[in-house]
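Please take a moment to look through the sequence and the structure shown here before reading on.

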Amino acid sequence: MIHVHNLFVELTHSQPRTYILRDISLELKKGEILGIAGESGSGKTVLSKTLMGLIKEPLIKTDGTISIKGEKYSTLSHLKKYRGRFFSMIFQNPSASLNPVFTVGYQLIETLMTFNKEMNKKEAEKEAVKLLSEVEIDHPEERMKSYPHNLSGGMNQRVMIALALSTNPEILIADEPTTALDVTIQAQIIDLLLKLNKQKSISIIFISHDLSLLQTICDNILILYAGELMEKISASDLKSDMIRHPYTYALKSCIPDINKKEDFLFSIPGTIKSNTAEDDNRCVFHDRCNYMTNICETKKPKINESINYKCHHPLLQK
Ligand SMILES: Nc1ncnc2c1ncn2[C@@H]1O[C@H](COP(=O)(O)OP(=O)(O)OP(=O)(O)O)[C@@H](O)[C@H]1O
């Protein structure tokens, strides 16, 4: 459904040249759930916004193509027509994404009528109630009259999902959709997304810091670091520690083990840095990697269709 080839997004007018996304290629199939993980600042949100053609200065796409349903685009302005109709997005904080001065019903009806010009108000109202019950909101007719501040965070996230579904998208981009919710509500929202994925064959791009969640719900996971794709791994390989890249391994080691009493929690030493022209000929993770050798400082490792990790010293070959 989507193929991204060698995508570069840079920060304009920066010295040295600064890459926000560098040489990213990915593929998303119909019905697939693709996870995107990485530390804060690794480029997860910029990648999803680039797919929707939503980035603007100072961010600029400098190279690469995005193919959607066989149509190949090298400029982002052409992606506008897919926004809403093909891609919908749900965000971290539903209460901030909904308009506080309009009822839930009004916001759904407006969106439905904007995207379906032939739909009249009565039909849109009926469809809005149907959407609210599809996202498992009780008494949907009554809820139509509620304002976002009348609803809990979990209910608002369900309304956001209903809004996202109102355009009948083929891909849902969920950017940390449960981070602002408490744990029990998180589980309900995840269950709802998985149900929609199964029932409607909607593909989902799920952005999260939470590797343990991603390995449970996704088919494949992309590990980003400083704007570069470090590894593409299947959920089953991640679960069974069939990990190649030291960064993926380090990220997974940050998940606390409930069965072990530990004196301290593991964290990756150092901090993520900007990806600049200085990284042209070296591994961008080299300065934080336990396996670093001379080659890591002089040659950038490659990731491609046959090698799913960007590392000179993949772990399983040791
Ligand atoms: N409008 C912008 N102007 C300048 N830099 C930006 C802009 N938007 C994002 N960036 C930079 O791009 C990098 C990637 O940001 P992004 O928000 O995609 O990270 P992320 O992985 O989603 O982080 P988080 O998990 O904290 O949401 C960061 O270094 C960020 O500072």
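What follows is a description of a predicted model, going from the annotated domain to the sheets, the core and some individual residues.

## The annotated domain

The UniProt record, an unreviewed entry, places the feature "domain: ABC transporter" at residues 2-251.

An open sheet of 6 strands has the order β6-β7-β8-β3-β9-β10, and its pairing is mixed. Strands β6 and β10 (228-234) stand at the edges with a single partner strand each, so one side of each is left without a neighbour in the sheet. From one strand to the next, the twist averages 20 degrees.

Strand β7 (residues 171-175) can be followed through its pairings on both sides. With strand β6 (residues 87-90) it pairs in the parallel sense over 4 bridges, and Ile90 has Ala174 in β7 as its bridge partner. With strand β8 (residues 203-207), β7 also runs parallel, and 5 bridges join these two strands; in β8, Ile205 is the bridge partner of Ile173, while Ile204 is the bridge partner of Leu172. Helix α6 packs on the sheet, touching β6 and β7, and the direction of α6 makes about 170 degrees with that of β6.

## The nonpolar core

The largest nonpolar core has 76 residues, and those with the most contacts inside this core are Ala162, Ile205 and Ile223. Helix α6 (residues 153-165) gives the most to the core, with 8 residues.

Which residues does Ala162 contact, once its neighbours within four places in sequence are left aside? They are Leu108, Leu131, Leu132, Glu134 and Val135.

## The sheet of five strands

A second open sheet, of 5 strands, has the order β5-β4-β1-β2-β11, with antiparallel pairing. Here β5 and β11 (275-276) stand at the edges, each with a single partner strand, so one side of each is left without a neighbour in the sheet. Strand β2 (residues 18-28) pairs with β11 in the antiparallel sense over 2 bridges, and Tyr19 has Asn275 in β11 as its bridge partner. Helix α1 (residues 44-51) packs on this sheet, touching β1, β2 and β4, and the direction of α1 makes about 60 degrees with that of β2.

Elsewhere in the sheet, strand β1 (residues 2-11) and strand β4 (residues 59-68) pair in the antiparallel sense over 8 bridges, with Phe8 standing opposite Asp63 in β4. Strand β4 in turn pairs with strand β5 (residues 71-73), again in the antiparallel sense, over 3 bridges, and Ile68 stands opposite Glu71 in β5. These two strands, β4 and β5, form a hairpin with 2 residues between them, and Lys69 in the turn has a positive phi of about 45 degrees.

## Residues with particular backbone geometry

One joins Gln15 and Pro16, with omega of about -5 degrees, and Pro16 has its place in the loop between β1 and β2. Another joins Glu57 and Pro58, with omega of about 10 degrees, and Pro58 has its place in the loop between α1 and β4.

Asp23, found in strand β2, has a phi near 55 degrees, a positive value in a residue other than glycine. With 18 C-beta neighbours inside 10 Å, Asp23 counts as partly exposed, because a residue is called buried if 20 or more lie within that distance. Leaving aside its neighbours within four places in sequence, Asp23 is in contact with Asn6, Phe8 and Glu228. The C-alpha atoms of Asp23 and Leu229 are separated by 7.8 Å, although these residues are 206 residues apart along the chain.

Asn168, found in the loop between α6 and β7, likewise has a positive phi, of about 55 degrees, although Asn168 is not a glycine. Asn168 has 14 C-beta neighbours inside 10 Å and therefore counts as partly exposed.

Definitions and conventions: Residues are numbered from 1 along each chain as its sequence is written. This is a predicted model: local features need pLDDT of at least 70, side-chain atom pairs count only at pLDDT 80 or more; totals for chains, interfaces and linings use all residues. UniProt positions are given in the numbering used here, feature names are shortened, and annotations may be inferred rather than shown by experiment. Two strands pair if DSSP finds at least two bridges between them. A nonpolar core is a set of buried Ala, Val, Leu, Ile, Met, Phe, Trp, Tyr and Cys residues joined through C-beta atoms within 7 Å. A residue is buried if 20 or more other C-beta atoms lie within 10 Å of its own, exposed if 12 or fewer, and partly exposed in between; C-beta atoms are placed from the backbone. Two residues are in contact if their C-beta atoms, placed from the backbone, lie within 7 Å. Axes are lines fitted to C-alpha atoms, for helices over the stretch in contact, and angles run from 0 to 180 degrees between N-to-C directions.
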